[in-house]
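Here is a protein chain to explore. How is it built, strand by strand? Take a look, then read on.

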Amino acid sequence: QVQLVESGGGLVQPGESLRLSCAASGSTFNTYTLGWYRQAPGEQRELVATIAPGGRAIYADSVKGRFSISRDNAENTVALEMNSLKAEDTAVYYCYARSWSSYWGRGTQVTVSS
C-alpha cells in the first residue's frame, strides 16, 4: 500500500522560510514523478512543483524563484523549500507521486500571517 506522509507545515510570518518534507512508502519511487500541490480556501487544488526521476523540475509561475523542490531517491523523500513566503501561499500542501497511478498525501497546513 502506497503511503505519502507530509511534515513540516506550520505558521510563519511573511518573508520567512519553511521546509516541507514527504516520506513515501509502499513502493519503489525512483521512477515516479514526485511533487507538491496546494489548495487554498475557496480555491482549486493547484500544482506547486514537480520533479521528474532525472531531477527536472517544473514550478508554478507564482512560486518560481522562491520555492525549490528536491528528491532523495535513496530515502524515498521529496522536499519543498519555501522561501520569501507570502500570505497568498497559505494553503494545505499535498505530496504527490505518479507512475501508472497517482497517489496523494493527506496534506499539511501552511499558514503565512503576520
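Start with a definition: helices (H or I, at least four residues) and strands (E, at least two) are DSSP runs, numbered from the N terminus. By that count, the protein chain has 0 helices and 11 strands. Along the sequence the pattern reads β-β-β-β-β-β-β-β-β-β-β. The radius of gyration is 13 Å, close to the 13 Å that the globule rule gives for 114 residues, so the chain is as compact as a globular protein of that length. That radius is taken over C-alpha atoms, and the globule rule is 2.2 Å times the number of residues to the power 0.38.

A word on the source. This is a predicted model, in which local features need pLDDT of at least 70, side-chain atom pairs count only at pLDDT 80 or more, and totals for chains, interfaces and linings use all residues. Residues are numbered from 1 along each chain as its sequence is written, and side-chain values use heavy atoms, with hydrogens and water left out.

Now the overall picture. The C-alpha trace spans about 40 × 25 × 25 Å along its principal axes. Of the 114 residues, 38% are buried, where buried means under 20% relative accessible area, exposed over 50%, and partly exposed in between (1.4 Å probe, protein chains only). A contact means heavy atoms within 4.5 Å. Among contacts with a separation of 6 or more, 52% join residues 24 or more positions apart.

Next, the strands. Two of them pair if DSSP finds at least two bridges between them. Look at β1 and β3 (residues 18-25): they run antiparallel, joined by 5 bridges. Val5 stands opposite Ala23 in β3.

Move on to β4 (residues 33-39) and β5 (residues 46-51). They run antiparallel too, with 5 bridges. Leu34 has Ile51 in β5 as its bridge partner. This hairpin has 6 residues between the strands, and Gly42 takes a positive phi near 75°.

What does β5 pair with over 3 bridges? The partner is β6 (residues 57-59), in the antiparallel sense. Here Thr50 stands opposite Ile58 in β6. β5 and β6 form a hairpin with 5 residues between them. In its turn, Gly55 has a positive phi of about 105°.
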